[in-house]
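Reader: I am new to this one and would like to know what stands behind the words used for it. Could we go through them together?
Author: Gladly. Here it is.

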Amino acid sequence: MSFTIAIDGPAAAGKGTISKAVAAHFGFGHLDTGLLYRAVGAKTLDGTDPIEAARALVAEDLENDALRTPEVAQAASKVAVIPDVRAALVDFQRAFARRAGGAVLDGRDIGTVICPEAEAKLFVTASAEVRAERRFLELEAKGLEVSREQVLADVIERDQRDRERAEAPLVAAEDAVEIDTSNLSIEAAVAQAVAAVEARK
Ligand code: C5P
């Protein structure tokens, strides 16, 4: 039997951490759909056409540590506005969502476009300042040379592009449970997420 949990929200709100923990809690598979757009974005940095890159994407492309850089994040949000890129990535995501044993997908449009029938939907948010600080610490820990100001500017720019695009913009599904992680510990955020899913079981 399949059970799909859709987790959406802006950059660095805590979706990834919550999704991994929720998937582990229920013994479900987890797909970080941002990696699909990052993999396409990364290919465009070499000059590849984004629509061709999206159509040629394979699962192995997602296992690349170089996808986690700020440059690739910006490239991802630029290719994510292209309707044909999004369309090329739908089947992969829906197939994962229907896998036996349950699935957690996190992204921007999972509850609204990819899996509107998901059994449980969460929308994870936090203030732009809190999100930028978390992303800054993450990038710094990886040894990347970034400034707080630049990370905040990048987060704001990417959110704006994600929210204002015509195709599948970042917006909470009407039936999503909202979790604001600005003042929550990881444990408290995960506990809220697990409780929200339990309520739909
Ligand atoms: O979640 P992450 O920051 O890795 O996503 C990178 C970019 O990919 C986002 O800024 C967004 O533009 C795009 N994306 C999307 N739809 C998704 C997941 C990510 O448009 N479901």
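Reader: In which helix is the place of Ala-87?
Author: Ala-87 sits in helix H5, residues 83-88. A helix here is a DSSP run of H or I with at least four residues, a strand is a run of E with at least two, and both are numbered from the N terminus. This is a predicted model, where local features need pLDDT of at least 70 and side-chain atom pairs count only at pLDDT 80 or more, while totals for chains, interfaces and linings use all residues. Residues are numbered from 1 along each chain as its sequence is written.

Reader: Why does Ala-87 count as partly exposed?
Author: A residue is buried if 20 or more other C-beta atoms, placed from the backbone, lie within 10 Å of its own, exposed if 12 or fewer, and partly exposed in between. Ala-87 has 14 C-beta neighbours inside 10 Å, so it counts as partly exposed. Ala-87 and Arg-55 are 32 residues apart in sequence, and their C-alpha atoms are 9.1 Å apart.

Reader: What makes Asp-49 count as exposed?
Author: Its 12 C-beta neighbours inside 10 Å do, and therefore Asp-49 is called exposed. Asp-49 is found in the loop between H2 and helix H3 (50-55).

Reader: Why is Gly-9 called buried?
Author: Because 26 other C-beta atoms lie within 10 Å, Gly-9 is buried. Gly-9 belongs to the loop between S1 and helix H1 (15-26). Two residues are in contact if their C-beta atoms lie within 7 Å. Leaving aside neighbours within four places in sequence, the contacts of Gly-9 are Lys-15, Phe-123, Val-124 and Thr-125.

Reader: And what makes Lys-15 buried?
Author: Lys-15, with 28 other C-beta atoms within 10 Å, is therefore buried. Lys-15 is part of helix H1. UniProt, in an unreviewed entry, places the feature "binding site" at residues including Gly-9 and Lys-15; such annotations may be inferred rather than shown by experiment.

Reader: How do you know that S1 and S3 pair?
Author: Two strands pair if DSSP finds at least two bridges between them. S1 and strand S3 (residues 103-107) have five bridges, in the parallel sense, and Leu-105 in S3 is the bridge partner of Ala-6. S1 also runs parallel to strand S4 (residues 120-125), joined by four bridges; there, Ile-7 has Leu-122 as its bridge partner.

Reader: What makes both faces of S1 covered?
Author: In a regular strand the side chains alternate between the two faces of the sheet. Thr-4, Ala-6 and Asp-8 on one side of S1, and Ile-5 and Ile-7 on the other, are all buried.

Reader: Which residues touch the most other members of the largest nonpolar core?
Author: A nonpolar core is a set of buried Ala, Val, Leu, Ile, Met, Phe, Trp, Tyr and Cys residues joined through C-beta atoms within 7 Å. The largest one has 35 residues, and Ile-5, Val-22 and Leu-105 touch the most other members. A second, separate core of 19 residues includes Ala-39, Val-72, Ala-88 and Leu-89. As for Val-22, its contacts beyond four places in sequence include Ile-5, Val-104 and Val-190.

Reader: How many residues surround the ligand?
Author: There are 15, and the closest are Gly-34, Tyr-37, Ser-77, Ala-80 and Gly-107. To be near a molecule, a residue needs its C-beta atom within 6 Å of it. Helices H2 (34-45), H4 (70-79) and H9 (148-164) each supply at least two residues of this shell.
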